[in-house]
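Subject: Structure for you to look at

Hello,

Here is the structure I said I would pass on. Please open it beside this email and follow along.

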Amino acid sequence: ESPANPKPLRSIDPRLAAIAVGNFAHGSATMGLIGLLNEIADDLDVSIATAGQLTTGMQLTAAICAPLVGFFGGALSRRTVLIAALVLTALCQISAAFASTFLMLLLARTVSGLASAAYAPTAVVTASHLVEPERRSSAIAIVVMGFSLAGIVGVPLGVWLGGAFGWQIGRAHV
């Protein structure tokens, strides 16, 4: 076996699978809102263009915070960063589901940009450190596949559920 032809991963390391599942959950939460902008705009009485700022706020925060998380998060274990990012994502999703105004929803989405800035890069770095050097590209591909699957499975499922049951699934409408 040469470095040019590394032995393929015969089975997926459970740690890589867990990070990929986290990437799926994070990706679904991050991208799922886009398909529900019409419903959100109608419910919160804003234009679709204004509702689109929910994505801009999150992505802008992620872009600004990514280098900061990389710099300051280096003192923390990668496991801690990954878990904290997923917990923050969940808290932001719950906050978003209970948001009764556009400003509350924008705040929840904007804060979730911090989780986005932390999770994806840390997931890739962690994957590359969990395996031998010749298997790093395969490990990274497995983890990134979680995000890709979010786009083709998680987002459509979330949009369907949001369309069928309301964008704030689980919130009691009074």
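How many helices and how many strands are there in the protein chain? The chain has 6 helices and 0 strands. Please keep in mind that this is a predicted model. In sequence order, the pattern reads α-α-α-α-α-α.

Overall picture

Along the principal axes, the C-alpha atoms of the protein chain fill a box of roughly 60 × 35 × 25 Å. The chain has 174 residues, and buried residues make up 37% of them. Among contacts with a separation of 6 or more, 79% are between residues 24 or more positions apart.

The cores

In soluble globular proteins, nonpolar side chains tend to be buried together. In this model the largest nonpolar core has 19 residues. Leu 16, Ile 19, Tyr 119, Ala 123 and Val 143 are those with the most contacts inside it. Helix 1 (14-31), helix 3, helix 4 (78-97), helix 5 and helix 6 (136-165) each give two or more residues to this core. The largest share, 6 residues, comes from helix 5. Another core, of 14 residues, lies apart from the largest one. Leu 33, Ile 40, Leu 105 and Ala 108 are among the residues of this other core.

Helix 2 and helix 3

Two packed helices are described by the angle between their axes and the distance between the axes. For helix 2 (residues 37-44) and helix 3 (residues 48-72), the axes come within 9 Å and cross at roughly 115 degrees. The crossing is right-handed. Helix 2 makes the contact with Leu 37, Asn 38, Ile 40 and Ala 41, and helix 3 with Ile 48, Ala 51, Gly 52 and Leu 54. By class, this contact has 6 nonpolar residues, 2 polar residues and no charged ones.

The loop between helix 2 and helix 3 holds Asp 45. Most residues other than glycine have a negative phi. Asp 45 is not a glycine, yet it has a positive phi of about 55 degrees. Is Asp 45 buried or exposed? Its relative accessible area is 72%, which is over the 50% cut-off, so Asp 45 counts as exposed.

Ser 128 and Arg 136

Ser 128 lies in helix 5 (residues 102-130), and Arg 136 is found in helix 6. Why does Ser 128 count as buried? Its relative accessibility is 13%, and buried means under 20%, so Ser 128 qualifies. Arg 136 has a relative accessible area of 35% and is therefore partly exposed.

A polar atom of the Ser 128 side chain lies 2.7 Å from the backbone oxygen of Val 125. Beyond its neighbours within four places in sequence, Ser 128 is in contact with Arg 136 and Ile 140. Arg 136 and Ala 97 are 39 residues apart in sequence, and their C-alpha atoms are 37 Å apart in space.

Regards

Key:
Residues numbered from 1 in each chain as written. Predicted model: local features only at pLDDT ≥ 70, side-chain atom pairs only at ≥ 80, totals over all residues. Heavy atoms only, no water. Helix = DSSP H or I, 4+ residues; strand = E, 2+ residues; numbered from the N terminus. Buried < 20%, exposed > 50% of the residue type's maximum accessible area, 1.4 Å probe, protein only. Polar contact = N/O pair within 3.5 Å; in protein donor to acceptor, adjacent residues only side chain to side chain. Contact = heavy atoms within 4.5 Å. Axes fitted to C-alpha atoms, helices over the stretch in contact; angles between N-to-C directions. Left-handed = near helix turned anticlockwise from the far one by under 90°. Nonpolar A, V, L, I, M, F, W, Y, C, P; charged D, E, K, R; others polar. Core = buried A, V, L, I, M, F, W, Y, C linked by side-chain atoms within 4.5 Å.
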